[in-house]
Amino acid sequence: MRVYLDNNATTMVDPEAFELMKPFYCEKYGNPNSLHRFGSETHPALRRAMDQLYTALNARDKDDIIVTSCATESNNWVIKGLFFDHMLNKEKDHIIISAVEHPATGAACEFLKQFGIRVSHIPVDENGLLNPEDLRNLIDDKTALVSVMWANNETGTIFPIKELAAIAHENGALFHTDATQTVGKIKIDVQDVNVDFMSFSAHKFHGPKGIGGLYIKNSQPLTSLLHGGEHMGGRRSGTLDVAGIVGMAQALENSNKLIEFENLHVRRLRDKLEDALLEIPEISVVGDRAHRLPNTILAAVKGVEGEAMLWDLNQAGIAASTGSACASETLESNPIMEAIGADKELAHTALRLSLSRFTTEEEIDYAIVHIKKAVERLRAISSTFAYTPQGHVSGL
Amino acid sequence: MAKHDLIGGSIWDEYSQKVQDLMNSPRNMGQITEEEAKERAGKLIVADFGAESCGDAVRLYWLVDEKTDIIMDAKFKSFGCGTAIASSDTMAELCIGKTVDEAVKITNIDVEKAMRDDPYTPAVPPQKMHCSVMAYDVIKAAAASYKGVDPDHFEDEIIVCECARISLGTIRDVIRMNDLKTVEEITQYTKAGAFCKSCIKPGGHEKREYYLVDILAETRAQMEAEKLKAIADAKISGNDSDLAFEELTVVGQLKAVEAVIDAEIRPMLMMDGGNMEILDIKKNDKGIIDIYIRYLGACSGCASGAGGTLYAIEAVLQQNLSPNIRVLPI
C-alpha cells in the first residue's frame, strides 16, 4: 500500500483540473500574446481562469493577481521589489518577519541585509503561536514591510493575519502574507484581512507544479524583477503558461468548494491519526488543534531520530516528512522546532504528517499501524530510550 | 556546482545495498547484561558517544576476555539516522574477535569501506560520512574504559577532518613538503575535506574548530616569512646570521632590507613601471629604526606612495625583520 502523508510538501493534481489543462499542450498551444488565431483561441480559457482566481480570493477588479512560477518567486518579488520602491534610498530600512517564516521569505530578507536593511523577527511560543503585541514592540516609523505567513508549513499553526495587517497599516508599513499553506485549506478573503500582498502556489492545493501567484492590492506599485516583455500587464515578463493557469484556477475553485469537507473529513482523519500517535508514550504534538490547519501534525517522537523514522515509514510505503537535520545538508536541527523552544534533542525527532482531501480512512488506519511498528523498532535500537511492549518507558 | 548537482535528489539513492540491509536488520543491535557477561566469563564494557541533542548517539557493549584482551562479543544501540545504525552495526561486527589494541585501530574509513557493495563505490554519500565517525570515537571510549585510561590516550593529535581522520600536523606537513597552494591540492594529497566537506571552510555540514582554508593561509604565510628571512639571512654576512635585525650593523641591516624589498616589494612596483631605493637607515631616540626611501619611475608622484604602498612596504619589513621599523619616503 502507498500512503502519501506529505501534502504540505506538494499534492497530487486534481484530476478535473488536469483534464482541463490537456488541450493547451497539443491542441490550443498558441502563444496567448500572438495576434493570430492560434494565440487568440486560448483567451477565453485564460479569462475564465483569471475570473476564477479573482473570485476564489475575493479580489476586486482594481487589484492585481499576477501569475508567477511559485510562492518562492512571489515572496522574493515582494521583498526585493519593495527594496527598490521603499528602501533603496533609505527612506525606510526595516523589514519585520516571523521567526518561523519559510526560507523563501527569510533568506530573501537576509540577502537584503548586505544592502543595509534591518530585519527583525517576531518570536513564537511553544505552540508555534505569535503574539501581535510583539509586532507592536518591533515596528517603527522606518518599517517598510511586515511579512508573516498565514499558516506555518511545519506546525500548521494559523497566524492572526487580520490583526497583524492592521498593526502594520497603523504604523505606515505594508503587509505581505505568504499564504502558501493556507489557500485551498481555509477560506481566503483578501478584502476582509486587508493584506497588501499575498503569495500562493498551485501545487499546494492540487494544482500543477511550477505555477503560483501574487495578489497585489489596488495595483500597488511594485518594481518588477523580470523585465523583457509586456506579459501580465508588464508587471511580470514571460510567456504565459496557459495550461498551468487553467489548472491552478480550477484546482483552487475545487478546493474552495470542498473547504467544508476539508474541515470535517480531513480534520477528522487528522485527529484520528493524532489521537493514535498520542497513545504512544512520549510522543508530543506541536500546537493545539484549534489554531492549526486541519491537515497537519508535527510530532516529536522521543528517542527516534527523524530520518530513521522516515526510512522505516518509506519501507512500508508511507511518505512523510521531517525537518530533521540528518536529511539535509547541515547538521543543524529543525529551525522551526528551535523557534518554538523545543530542545535540540526533540528537534531531531520531528515528524510531519500532512493529509489531503484525497487521504482515505483506510490509509490512515494503515499509517497508524506502521508508525507504531516503526516507533517500537527504532526505540528498541535507540541508545537513549528503552521501550517494552507493555508500554513501560524509561530513559537509560 | 555541476550538471549532476543542479537537480538534487534523495540521498537514500546513494546508500549501498549493504547499508540499506543493515538499516533494516542490524545484526549486532542489542545489549549485553552483567548476568550474561558473568555466564560467559568475560568483562562487560559499556561506552557512550554523542548525544541526542546532536542527532546522533551510540552505546557500545563489549564482552572482553581479560586473559587475552580479545573482544568476544559486541553489541550496540543507536539514536541516529539509518546510516548511523548501519555504521554502528558494522563497527560492532568489526570489533568481534579482535584484541582491544587491534580494535582501537578501526577507523571510520574502515567502517565505511566494510559497508561498500564493491571496493570502488562509497557506501554512503559524502555528507553521511560523519555517521561513521562516531564508530571510531565510541571504540576509543570503550578501550579507555577497559584499560582504565583517558580516551585522549589514544589520540594525541588534533583531528581536522574527522571523516578521513587527518590531523592538523599532517596537513601542515603536507602543505610544506609539497608546496601546496590550494585546498583542492590538500584534498588530493590527504583526502581531508573529501567527504562531508565541513572542514574546508566555515558554514559546512557541521561546525569545526579548524578549517583547511585557515590552515592553508596560515601555513603559507609562515612559509613566505621563513623564505624571506632565509633570503635576508643569506645576504647578511655569515657571522651576523643569528643576530636580531636591531643588532646588525647598518650595512647588515641595509642588506637585509634590500633582500626583503627585492623579494616582496620591488617586483610589484616594477609591474606598474615604478621602483624604489633605500637612502638611509637610522635608529632614533625611541628605539624606532627609520628607513628612508625614495620612489622611482611611476611610483614617484603616485598618491599611493604616501598611503597604501607605503603601508604595504612598512608591513612587509615589520613582519619579516622587526616590528620597530618605520618607513619614511623622501
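Visitor: Where does Ser322(B) lie in chain B?
Guide: In this predicted model, Ser322(B) is in the loop between helix H12 (308–320) and strand S8 (325–329) of chain B, where helices (H or I, at least four residues) and strands (E, at least two) are DSSP runs numbered from the N terminus.

Visitor: Buried or exposed, that serine Ser322(B)?
Guide: Ser322(B) counts as buried because its relative accessibility is 1%; buried means under 20% relative accessible area, exposed over 50%, and partly exposed in between, with a 1.4 Å probe and protein chains only.

Visitor: And what does the side chain of Ser322(B) reach?
Guide: It reaches the backbone nitrogen of Asn324(B) at 3.0 Å, which is a polar contact (a pair of N or O atoms within 3.5 Å; within protein, one must be able to donate a hydrogen and the other to accept it, and residues adjacent in sequence count only if both atoms are side-chain atoms). Not counting residues up to four places away in sequence, Ser322(B) touches Phe245(B), Glu246(B) and Leu317(B), contact being heavy atoms within 4.5 Å.

Visitor: Before we go on, what conventions apply here?
Guide: Residues are numbered from 1 along each chain as its sequence is written, while chains are lettered from A and ligands numbered from 1 in the order in which they are written. As this is a predicted model, local features need pLDDT of at least 70 and side-chain atom pairs count only at pLDDT 80 or more, whereas totals for chains, interfaces and linings use all residues, and side-chain values use heavy atoms, with hydrogens and water left out.

Visitor: Okay, the interface: how many residues of chain B are in contact with chain A?
Guide: 30 residues of chain B are in contact with 28 residues of chain A. The two chains bury about 2500 Å² between them, 58% of it on carbon and sulfur atoms; buried area is the accessible area (1.4 Å probe) that two parts lose on being put together, summed over both.

Visitor: Which side chains meet in a salt bridge?
Guide: The rule finds one salt bridge across this interface, and the side chains of Glu307(A) and Lys128(B) meet in a salt bridge at 2.5 Å, N to O, the term meaning a side-chain nitrogen of Lys or Arg within 4 Å of a carboxyl oxygen of Asp or Glu. The rule also finds ten residue pairs in polar contact across the interface, with both residues at pLDDT 80 or more.

Visitor: Which elements give two or more residues to the side of chain B that touches chain A?
Guide: Those elements are helix H2 (17–24), strand S2 (56–65), strand S3 (70–79) and helix H4 (82–95) of chain B, and S3(B) gives the most, with four residues.

Visitor: New topic: what about phi at Asn218(A)?
Guide: Asn218(A) has a positive phi of about 50° although it is not a glycine. Most residues other than glycine have a negative phi. Asn218(A) lies in the loop between S8 and H10 of chain A and counts as partly exposed because its relative accessibility is 43%.

Visitor: And Ala41(B), where is that found?
Guide: Ala41(B) is in the loop between helix H3 (34–39) and strand S1 (43–51) of chain B; this residue, also not a glycine, has a positive phi of about 55°, and at 63% relative accessibility it counts as exposed.
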